[in-house]
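Student: I have just opened a structure that is new to me. Could you go through it with me?

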Amino acid sequence: MMNIVWTNIIKRINVKYLYAKEAKIVVKYINKLDGKEIKNRTYIEGYEGKNYNINSAIINGYKYNNNSKDLNGKMPAGVTEIELYYDE
């Protein structure tokens, strides 16, 4: 008769989950003179802390002027609107 010894070693492993909140940037293209949108909005979706970079669009008949917020950086949680202003 043979004796078999089974050794089962259990090691405790702690796992920590980090969840980033959802983030969205809405880019609006605005005629600075009358405040109307001159191009369809652009949406950037991601998560809090993700890097983003926005380039001004080339729009016929308009010249880029300035913007309401930084065009690059890290996305904040929730929805952020950034307006790009254009002159005719």
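Tutor: What follows is a conversation about the strands, rings, charged pairs and surface of this predicted model.

Student: Let us begin with the strands. How many bridges pair β1 and β2, and in which sense, parallel or antiparallel?

Tutor: Strands β1 and β2 are paired over 8 bridges, in the antiparallel sense. As one example of residues facing each other, V26 is opposite Y43 in β2.

Student: What about the link between these two strands: how many residues does the hairpin have there, and which residue has a positive phi?

Tutor: The hairpin of β1 and β2 has 5 residues between the strands. Within this hairpin, G35 adopts a positive phi near 80°.

Student: And how do β1 and β6 run, parallel or antiparallel?

Tutor: Strands β1 and β6 run parallel, and 9 bridges join them. Here V27 is the residue opposite I82 in β6.

Student: How many residues of β1 are buried?

Tutor: Of the 10 residues of β1, 8 are buried, so the strand is largely enclosed by the rest of the structure.

Student: Is N40 buried or exposed, and which strand holds it?

Tutor: N40 belongs to strand β2. Its relative accessible area is 65%, so N40 is exposed.

Student: Why is the pair of Y17 and Y19 called stacked?

Tutor: Planes under 30 degrees apart count as stacked, and those of Y17 and Y19 have 20° between them.

Student: Are these two residues, Y17 and Y19, buried or exposed?

Tutor: Y17 is exposed, because its relative accessible area of 61% is over 50%. Y19 is also exposed, with 74% relative accessibility, and Y19 is located in the segment before β1.

Student: Which residues make the nonpolar surface patch?

Tutor: The patch is made by I13, V15, Y17 and Y19, and has an area of about 580 Å².

Student: Back to the rings. How are Y64 and Y86 arranged, stacked or edge-to-face?

Tutor: Y64 and Y86 form an edge-to-face pair, with 5.6 Å centre to centre and 70° between the planes. This pair links distant parts of the chain, with Y64 in strand β4 and Y86 in strand β6, 22 residues apart.

Student: What is the relative accessible area of Y64, and what is that of Y86?

Tutor: Y64 has a relative accessible area of 27%, so Y64 is partly exposed. Y86 has 0% relative accessibility and therefore counts as buried.

Student: Which residues form the aromatic cluster?

Tutor: The cluster is formed by Y29, Y64 and Y86.

Student: Now for the charged side chains. How many salt bridges are there?

Tutor: The count is 3 salt bridges. In one of them, E45 meets K24 at 3.8 Å, N to O. That pair links distant parts of the chain, since E45 is in strand β2 and K24 in strand β1, 21 residues apart.

Student: Which residue forms a salt bridge with E81?

Tutor: The partner of E81 is K28, and their closest N and O atoms are 3.0 Å apart. This pair too links distant parts of the chain: E81 is in strand β6 and K28 in strand β1, 53 residues apart. E81 is partly exposed, with a relative accessible area of 37%, while K28 has 11% relative accessibility and so counts as buried.

Student: And which residue meets E37 in a salt bridge?

Tutor: The side chain of E37 meets that of R41, at 2.8 Å from N to O. E37 is partly exposed, with a relative accessible area of 37%. R41, at 36% relative accessibility, also counts as partly exposed.

Key
Residues are numbered from 1 along each chain as its sequence is written. Side-chain values use heavy atoms; hydrogens and water are left out. Rings of Phe, Tyr and Trp (its six-membered ring) pair if their centres lie within 6.5 Å; planes under 30 degrees apart count as stacked, over 60 as edge-to-face and the rest as tilted. Buried means under 20% relative accessible area, exposed over 50%, partly exposed in between (1.4 Å probe, protein chains only). Helices (H or I, at least four residues) and strands (E, at least two) are DSSP runs, numbered from the N terminus. A salt bridge is a side-chain nitrogen of Lys or Arg within 4 Å of a carboxyl oxygen of Asp or Glu. Patches are made of residues with over 30% relative accessible area and no salt bridge: like charges are joined within 9 Å, nonpolar side chains (Val, Leu, Ile, Met, Phe, Trp, Tyr) within 5 Å. Accessible areas come from the Shrake-Rupley method with a 1.4 Å probe; for residues, only the protein chains shown count as cover. Two strands pair if DSSP finds at least two bridges between them.
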